[in-house]
Amino acid sequence: MSEALTILKEYWGYTSFRKPQEEVIQAVLNNQDCLALMPTGGGKSLCFQVPTLMRPGICVVVTPLIALMQDQVRQLQGLNIKAVAIHTGMSKRDVDITLDNCVYGDIRFLYVSPERLQTDLFKARVVKMKVALLAVDEAHCISEWGYDFRPAYLEIAKIREALPKVPILALTATATSEVRQDIQEKLSFKQDLIFQISFARKNLSYQVEVTEDKMFQLLKALNTTKGSALVYVNTRKRTRDIAQELQKHGIASSHYHGGLAAKDRKIIQEHWLEERSRVMVATNAFGMGINKPNVRLVAHYDLPDTLESYYQEAGRAGRDGTGAQAVILYQIGDIDALKERKQNEYPELDYLRTIYQHLANHFQIAIGSYAPEDRDFELDVFASKYREKPLQIFHALKKLQLLGLIELTESFYQPSQFQFTANHQHVYEFQIANVQFDTLIKALLRLYGGELFTRRITISEPKIASATNATVDQVKMKLSSLQDRELAIFQPRKDQPQISFLGPRQDPKRINLDLRTYNLRRELELSKLKAVQRYVQNQKGCRALQLLDYFGEKTTSPCGHCDICLGVPEPPQTDFKKLFDAISKAIMIEPLTAKGLINKLPDYDQNTVAKTIQIMLETGDINYDTLG
């Protein structure tokens with residue numbers, strides 16, 4: 001493996017591999033199918049990047065997230081490694097040129113969405129490529145038991161018919177034993193080969209705080225913990241509200257969600273990474289691809305949807321190997337609220353058809369027409385136009401995406417890109433014949449060099465405008481004109497949520513919506529919610545062992561530093577009949593919130609009262625009214 005270490009050091013500056021990177025790389029070089037399970041930040045991408053650079057050919061990387069796809073391509077290009085991406089938002093001509101470069105050029109990595117694999121154009125070109133490896137990222141999506149179902153993932157194995165001698169590497173951060181088995185089966189593995197790093201995070205202390213005053217507990221955790229912190233919440237509004245409340249207590253805080261403008265997200269992220277802001281309050285739109293090693297606290301103000309997402313989000317703490325905390329703030333009623341939210345996320349199928357029809361009308365796409373381009377999408381404008389509730393529309397869009405009909409990209413930012421598709425001679429002849437473009441083309445070549453003829457380059461219209469003494473609008477107009485004349489590809493900057501149709505527009509009445517799969521998915525999410533419920537309500541078993549058991553890792557050694565292992569003292573013995581009567585009597589006098597009820601009973605331990613209220617709610621002895 002000396003050659004692998006040489007490549008690792010030359011391109012990435014590391015002198016050794018982490019476990020199990022070396023074993024995975026060797027399996028790939030031996031042309032073996034394998035599954036690698038490595039936590040977020042564990043270096044999964046190196047497992048296919050290093051072996052690809054050790055031999056001739058191209059690696060086809062299947063990934064579901066456009067933002068991550070583009071980010072990895074930019075990183076590879078920054079290392080002078082030729083990489084390209086194809087996704088649903090590109091024009092047919094752009095895709096055609098990119099695939100040609102993969103067949104006849106020296107491209108080493110081709111990133112594609114799973115939907116792309118099944119197109120006739122891709123199938124015809126991929127057999128002409130010298131494919132050395134097929135890598136499938138986020139492989140849990142393949143499984144019907146996975147938590148981010150994408151129908152196109154189930155079709156990936158079909159491409160193996162055209163590439164019978166090409167090994168496949170599946171990668172994911174989290175997968176239960178059922179999901180692991182399903183991944184290997186759906187990808188037609190030729191051998192059962194799994195490499196897994198332990199899910200144990202020995203430096204991470206898992207805690208569940210049962211409280212009726214989450215802000216008090218959050219402030220307490222922040223005041224007793226030094227260093228950066230991440231606070232996860234379920235709504236965009238709450239990111240702002242909690243950040244503002246923390247600021248009132250003198251804690252430098254920022255808030256982040258997918259609805260913010262790209263430039264604002266970038267600034268907020270940089271402030272947190274550079275320690276100018278101590279706490280980031282965010283939805284789960286934040287964190288993917290972020291590597292901040294000194295996060296000492298990850299707090300979940302709202303319950304996570306699944307233990308898979310919790311493990312990944314909590315795992316953003318303590319990446320430097322130093323002690324860190326992962327805390328869930330759990331309040332009576334949280335489980336019921338999460339259940340209700342999950343039910344609302346699954347609209348009736350007729351409503352999905354209605355929203356699909358509205359989308360087609362909104363973008364003026366006729367039945368049978370295929371319009372794969374990304375389109376700017378403003379939810380509030382769309383909701384107002386069709387008199388629908390924004391949140392219901394959002395849930396419907398997510399489900400139309402899961403059913404493989406559209407793609408919705410919420411947190412999208414793509415800078416302007418440009419590439420000459422004509423050769424040097426043709427462009428030179430064009431300059432001579434069209435003097436009005438001469439200054440622009442010279443500036444492009446001076447600023448960005450000859451690579452403009454081999455791949456799409458990120459460009460800056462203001463920078464080009466300054467170099468040509470023109471306005472930005474004039475530059476954009478001329479760049480578009482070069483594309484219209486089929487001399488180049490010009491993709492203007494995008495900074496809004498995007499929607500694209502994943503196939504020809506269908507008649508909503510004839511859409512074959514798989515009710516069985518839809519209901520299965522709903523039941524699966526509710527079962528995962530029950531796993532979250534068991535985790536937060538279990539007060540007897542080590543938290544780390546509970547997580548390891550969920551992911552199928554068997555061990556009997558408790559972590560020694562979660563809230564349960566630390567032996568949080570049991571509250572004093574309580575006469576529960578007396579407490580039950582006290583609760584009943586208090587709410588007969590006046591309706592109370594759970595917090596107000598706890599305050600009315602100062603003679604009892606607060607946690608004991610909270611748990612008793614929870615039991616009485618579950619048995620139906622007491623209920624919430626509409627005001628809570």
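The legends below describe close-up views of a predicted model.

Local features were taken at pLDDT of at least 70 and side-chain atom pairs at pLDDT 80 or more, whereas totals for chains, interfaces and linings use all residues. Residues are numbered from 1 along each chain as its sequence is written, and side-chain values use heavy atoms, with hydrogens and water left out.

**View 1. The open sheet of seven strands has parallel pairing.** The strand order is S3-S4-S2-S5-S6-S1-S7. Helices (H or I, at least four residues) and strands (E, at least two) are DSSP runs numbered from the N terminus, and two strands pair if DSSP finds at least two bridges between them. S3 and strand S7 (194–196) are the edge strands, each pairing on one side only. On average, and with direction ignored, neighbouring strands of this sheet are turned by 20 degrees against each other. Axes are lines fitted to C-alpha atoms, for helices over the stretch in contact, and angles run from 0 to 180 degrees between N-to-C directions. S3 and S4 run parallel and are joined by four bridges. Within this sheet, Val 84 stands opposite Leu 110 in S4. Helix H3 (residues 46–53) lies across strand S2 (58–62), S4, strand S5 (131–136) and strand S6 (168–172); contact means heavy atoms within 4.5 Å. The helix runs at about 145 degrees to S4.

**View 2. A salt bridge joins Asp 106 and Lys 82.** A salt bridge is a side-chain nitrogen of Lys or Arg within 4 Å of a carboxyl oxygen of Asp or Glu. In this pair the closest N and O atoms are 3.2 Å apart. Asp 106 lies in the loop between helix H5 (92–104) and strand S4 (109–112), and Lys 82 in the loop between helix H4 (66–78) and strand S3 (83–86), so the pair ties together parts that are 24 residues apart in sequence. Asp 106 is partly exposed at a relative accessible area of 47%, and Lys 82 is partly exposed at 29%. Buried means under 20% relative accessible area, exposed over 50%, and partly exposed in between (1.4 Å probe, protein chains only). By the salt-bridge rule, the count comes to 25.

**View 3. The open sheet of six strands has parallel pairing.** Its strands are ordered S8-S13-S12-S9-S11-S10. Strand S8 (204–210) and strand S10 (253–256) form the edges, and each pairs on one side only. Strand S12 (residues 295–300) runs parallel to strand S13 (residues 324–330), with four bridges between them. Val 327 in S13 is the bridge partner of Ala 299. Helix H10 (residues 262–273) lies across strand S9 (228–232), S10, strand S11 (279–282) and S12, and runs at about 140 degrees to S10.

**View 4. Thr 235 lies in the loop between S9 and helix H9 (236–248).** The side chain of Thr 235 reaches the backbone nitrogen of Arg 238 at 3.2 Å. A polar contact is a pair of N or O atoms within 3.5 Å; within protein, one must be able to donate a hydrogen and the other to accept it, and residues adjacent in sequence count only if both atoms are side-chain atoms. Thr 235 is partly exposed, with 39% relative accessible area. Thr 235 and Ala 282 are 47 residues apart along the chain, and their C-alpha atoms are separated by 8.5 Å.

**View 5. Salt bridges link Asp 305, Arg 341, Lys 342, Glu 345 and Glu 525 in a network.** Lys 342 is buried at 6% relative accessibility, and Glu 345 is buried at 10%.

**View 6. Helix H16 (residues 424–433) packs against H17.** The angle between the helices is about 145 degrees, and their axes are 9 Å apart. Val 427, Phe 430 and Gln 431 in H16 meet Asp 438, Ile 441 and Lys 442 in H17. The residues of this contact divide into three nonpolar, one polar and two charged. Here Ala, Val, Leu, Ile, Met, Phe, Trp, Tyr, Cys and Pro count as nonpolar, Asp, Glu, Lys and Arg as charged, and the others, Gly among them, as polar. Lys 442 and Asp 438 also form a salt bridge, at 3.1 Å from N to O. Both residues lie in helix H17 (residues 438–448), four residues apart, about one turn of the helix. Lys 442 is partly exposed at 47% relative accessibility, whereas Asp 438 is buried at 18%.
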